Amino acid sequence: MSILQAVRGTRDLLPPETELWNHIETTARQVFERYSFGEIRTPILEDTQLFSRGVGEETDIVSKEMYTFTPEARIQGELTQSLTLRPENTAGVVRAYIEHQLGETGQLQKLYYIGPQFRRERPQRGRYRQFFQIGAEVIGPPSAGSESPLRDAEVLEMLASLLGELGITGWRLLLNSVGSATDRPRYVQTLRAALEPVVSRMCEDCQRRAVTNPLRVLDCKHAEDQPFIATLPRIWDSLDEGSKEHFAAVCAALDACGVPYEHDHRLVRGLDYYTRTTFEFVYDEPGEGGLGSQNALLGGGRYDGLSEAIGGPKAPGIGFAIGEDRLVLVLEAQGRHTPQLAATYIAPLGGRMDPAALALARELRASGFRAELGDGSFRLKKSLEAANKVARTIVILGEDEVASGILTVKHFASGEQFKVPRAQLGQKLASLLDPPTSN
């Protein structure tokens, strides 16, 4: 019988790797909460129309990459609808905003999410068919200031702070404007005309996109297509004065708070709902620490018409999604996180000491210490070897220690071994694990 394995493009996350994932998510939650974001949890399954209407029929996500189920059978008399595993979460958050009438509060809604997304694309480094995103959205009625360029700048400043708190260095913020709902069609028309004489010499994807979604041509990574792309008109030249002023205000706010950025005229991001500000944080380090040609850590932008596109009220917004899988790769390469060892390993000497060892472990855990519990069947040498792999200290618990209340403790880093009254064990462990600094 063959061994069953994870589906291609998915993977199991195991300890100690999951400690790093939890560290990233905990840090993100802490940062988001300081900026007054609250968590939203939307379903993994959504009505397929949400993405076809919101993300766009001709985007690669909708046309090629979605996992869609179209059952024909009735379930308990109800005709089942076409359902899709969410390929991204912005549309789902906006759907929830509309469904629960959050706009009626008259306030900005600042919402974040953490969870899996699904796309049927070729797996590669840092890219999976089930992947994990951390994202946030700021959305609300125009009267709440949702159209303000200050909202864009605040989101970007928050992301720079988050990457800093995670210890990620070497990132670059690429920034552009794709203009208003009237600017973008005007540019697409100009782009189609410019592509017509050259597209036949470009890659197959570009030839298809030139017809279905010309903006995506600018995202092409094929080296042989870059000379053609370099000659294409810039979207900046198709923007009206309002869009240019909005972009200038975003840049001025970033300058004021010291967040560096680069104006990338080719950055358009291909989803149909984007308007005005678009951005990516990229990481270009070579070698094992790099992400290759797919070097975006996170990206996002403004989507002032998305709510109306899926049947809701006018609700301008801006948001982003972080590829958590990629953050993990970068942090591992930069050595920013090491597996957490237990504070102590409790080693009972003989099976008769097992109950006392469990009681001591319970006492230490209740005091906030991470404790590993050994087994009385282990010889002392085996307990020492096991403890040195998973803990920073070992507490040896034999009949003499239980009778006297004086415990034997060894600190692995220093090699020191000493006796500690049981009542003072927690205090001693705390001093060993977090020694005072000298002036």
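So, A347 stands opposite I396 in strand β16. Strands here are DSSP E runs of at least two residues, helices are H or I runs of at least four, and both are numbered from the N terminus. Two strands pair if DSSP finds at least two bridges between them.

Quick caveat: this is a predicted model, where local features need pLDDT of at least 70, side-chain atom pairs count only at pLDDT 80 or more, and totals for chains, interfaces and linings use all residues. Residues are numbered from 1 along each chain as its sequence is written, and side-chain values use heavy atoms, with hydrogens and water left out.

Okay, zoom out to the sheet. What order do the strands of the open sheet have? It goes β15-β14-β16-β17-β18, five strands with mixed pairing. At the edges sit β15 (371-373) and β18 (417-421), each pairing on one side only. On average, neighbouring strands are turned by 30 degrees against each other, direction ignored.

Now the helices on this sheet. Helix α13, residues 380-390, lies across β14, β15, β16 and β17, at about 165 degrees to β14. Helix α15, residues 425-433, lies across β14, β16, β17 and β18, at about 140 degrees to β18. Those angles run from 0 to 180 degrees between N-to-C directions, using axes fitted to C-alpha atoms, for helices over the stretch in contact; contact means heavy atoms within 4.5 Å.

And the whole chain? There are 15 helices and 18 strands in it.
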